[in-house]
Amino acid sequence: MTNPLALAPAPRSDDAEKVRGEVREFLAAELAAGSFDTHVDTWLSGVDPAFSKKLGDRGWLGMTWPKEYGGHERSAMERYAVTEELLAAGAPVAAHWIADRQSGPNLLTYGTEKQRQEILPRIAAGECFFVIGMSEPDSGSDLASIRTKAVRNADGDWVVNGAKVWTSNAHHAHYGIVLVRTTPLDTSHRHRGMSQLLVDLSLPGITINPIRILDGGHHFNEVVFDDVVVPGDMLLGKEGDGWHQVTAELAFERSGPERFLSTYPLVAEFARRVADSGDSASVAVLGRISARLLALRQMSLRIAAALDRGELPNIPAALVKDVGTTFESDVIDEVRRVVDVSPSLDSPDPLGRALAEAQLHAPGYTLRGGTNEILRGIVARGLGLR
Amino acid sequence: MSDQDLVVETVRDILSGFEPFVLTAERRWDDGLWTALAEAGLTGVGLPEELGGSGGELADAVAIVRTLAAGAGAVPVAEQLLVAGPAVVAADLALPPVDEPLTFALGPAVTAHASDDGDGPGRFTLSGTVADVAWSGAAKHLVVLAAGVAGPVLALVDVSALEATAAANLAGEPRGSLVLDDVPATGALLTSARIEELKARYALARSVQLAAALEQVLAWTVQYAGERVQFGRPLGKFQAIQMELAEMAGEVTAVTALTDAAVQAVERDENVVLACAAAKVRAGAAVEVVARLAHQVHGAIGFTQEHKLHHLTRRLWSWRDEAGTELAWSRVLGAGVLADGPDGLWPALTRVV
């Protein structure tokens, strides 16, 4: 009877509730001061380095990392509370999001002492931003087919050639963690021969070209590497271990509240409408949306608790992302079926704007960080089917 | 092995001697299974020993209900252990012997009149029809929420001599009506807050059953997909089938996580109504996906009474709208999370569980 994908319930965390209150107070003050406007999907589109710096000053970045690297040695449950409060408020968190969520933990696990000392404190301060360099024009879900390559030159440095795409906010970031082939593809061992490089995005030979998404926003980029010389000591982890390194910590990338709260500002706007109208069908829809969201919070919290226990529940994390991103999209149609509002980015009605933003960003929810088809394949493996 | 694991093992052992069967008008419940459970003391778990129960915690009772639901046990254990029994204890009424099935029903059309029969307060006579009585005909005692002159009354009534109508749910579980015609009962006045919590506990009992049955249906479907060979391969090797099973797993995991959280909310006695409402709505919403895909993967054999699948899918289709429909609980939850006003949704959501 037992579901092999289920995790133990998360314990209650008073520390998490305490920091939640502090974040809420901070956000209310920032909103009152007009320092940001609420938007949908702000962990992709809301770039505001000054806001990121404020979070860093308050100790809300690098929260779980060791103090010697600028971290705060707090629990994943506390970090969960901070991140979900920021997302629910639609705050501009995109600048630091990848560095705080993913690149920092990656460096902690695989980085050299020098890399950690130099970079982690700056991430935790909200001053250093990262991009993920995985997908390429011809390599999406099939990551092992990447062609960007790095070859050692006579000085022991890496010469990188190739191109990465969908690199969110590369035009604002300082570094990329770039997956490259350091050994040519061996078709019988496709996952071998890849490595991760820590690349300073200001190096000569790097061109960053914008790729606009459906609402015209510039978040994605193509990053082209033309004989870029990356210092030899900027290898991250072990040469040839790239595949293992990018797949080992997907629990961080796939389980967080950004996998079900991207469209929460739309839900909040809908709730304001329902509170005014009292419309019974809308109240029921809000109830259904709330029940789904509450279940996702419990799933995600269970993973945060597992991370605190030192586990890396990658398969349950894939499940959170599958169920969560499906929810993010479903919300749009749940709402629009019961409100008499047309979506438009220019709408005078905040609900019309939220619907428009959510809709135009929707195709991304179930693609980024591993498509839902890939995720379901991972879940199927967890069920023992492959 | 924890105490709870031991309890679950015992229930499984007993269940293994009682195969699920098609419930009919002639055989509406599994009295043999009930007797075996009662003899093992399992029909009193979570109820205080000094009142005739077997002791133990709510979590133990939940574990028993889960195990029986997954095994399609046709016995009123969820009603007795999670709803009616605790309600009787909380209201300081005398608990009937725990080996006699006790059930629960809402009785909006039942009136309770205090009766002055010389036995002091707490005596009522009940009149009116109670519809949708779970295990009507099988249960000896009924806890019913009736309307009294001075407010709602939780009444405990012996129904063993009453004739029930033959109505049943989609799985054949009895859901008949009882006509009460000046029937004597013990009872207690309840506050409206307590009434709402009791209704919520009834919904949670069904959610616990739904969660367990959904989990079991997933397990059966995964197993079947691994065994059934078509085109020279087990079904589970086909990507199309893997996508369906993964979708089912997502739903099941979501339901389990929220149901567990609602059980904890009841244990802590915090936000009981909204936590239970959320669990019931989420569990109900999963039924469409899980039952549909389970039948799709099982193919034609699952569409027959030859295969066991229907024992649980028919229950799932019923339970999601019992103890309050999905719509009714969606409204409760939707209104509840708006209680703090137009800007209060997020604080409310982070408080519920």
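Thr191(B) sits in the loop that links strand E5 (175-189) to H5 of chain B; helices (H or I, at least four residues) and strands (E, at least two) are DSSP runs, numbered from the N terminus. This is a predicted model, in which local features need pLDDT of at least 70 and side-chain atom pairs count only at pLDDT 80 or more, while totals for chains, interfaces and linings use all residues. Residues are numbered from 1 along each chain as its sequence is written, and chains are lettered from A and ligands numbered from 1 in the order in which they are written. Thr191(B) counts as exposed because it has 10 C-beta neighbours inside 10 Å. For the cut-offs, a residue is buried if 20 or more other C-beta atoms lie within 10 Å of its own, exposed if 12 or fewer, and partly exposed in between, with C-beta atoms placed from the backbone. Val153(B) is 38 residues away from Thr191(B) along the chain, yet their C-alpha atoms are separated by 8.9 Å.

Now for chain B as a whole. Its secondary structure comes to 10 helices and 7 strands. The radius of gyration is 21 Å, close to the 20 Å that the globule rule gives for 353 residues, so chain B is as compact as a globular protein of that length. Here the radius is taken over C-alpha atoms, and the rule is 2.2 Å times the number of residues to the power 0.38. The C-alpha trace spans about 80 × 55 × 40 Å along its principal axes, and 56% of the 353 residues are buried. If one takes contacts between residues at least 6 apart in sequence, 72% join residues at least 24 apart; a contact means that two C-beta atoms, placed from the backbone, lie within 7 Å.

Chain B splits into domain 1 (3-190) and domain 2 (194-352), with bounds that come from an automatic or database domain assignment. Their centres, taken over C-alpha atoms, are 24 Å apart. Where the two touch, domain 1 of chain B puts in 23 residues and domain 2 of chain B puts in 26 residues. On the domain 1 side, helix H3 (58-70), helix H4 (77-90) and strand E1 (102-114) of chain B each supply at least two residues. H3(B) gives the largest share of that side, with 6 residues. That side of domain 1 of chain B divides into 19 nonpolar, 1 polar and 3 charged residues, where Ala, Val, Leu, Ile, Met, Phe, Trp, Tyr, Cys and Pro count as nonpolar, Asp, Glu, Lys and Arg as charged, and the others, Gly among them, as polar.

Helix H9 (residues 326-337) of chain B is next. Its 12 residues should span 16 Å at 1.5 Å a residue, and the end C-alpha atoms are 16 Å apart, which agrees; the expected span is 1.5 Å times one less than the number of residues. H9(B) is mostly covered, with 9 of its 12 residues buried, among them Trp329(B), Arg331(B) and Leu333(B). The cover includes helix H10 (280-308) of chain A, along with helix H5 (192-227), helix H7 (272-298) and helix H10 (345-352) of chain B.

Over in chain A, strand E7 (residues 218-230) pairs with strand E3 (residues 158-165) in the antiparallel sense over 7 bridges; strands pair if DSSP finds at least two bridges between them. In this pairing, Trp158(A) stands opposite Val230(A).
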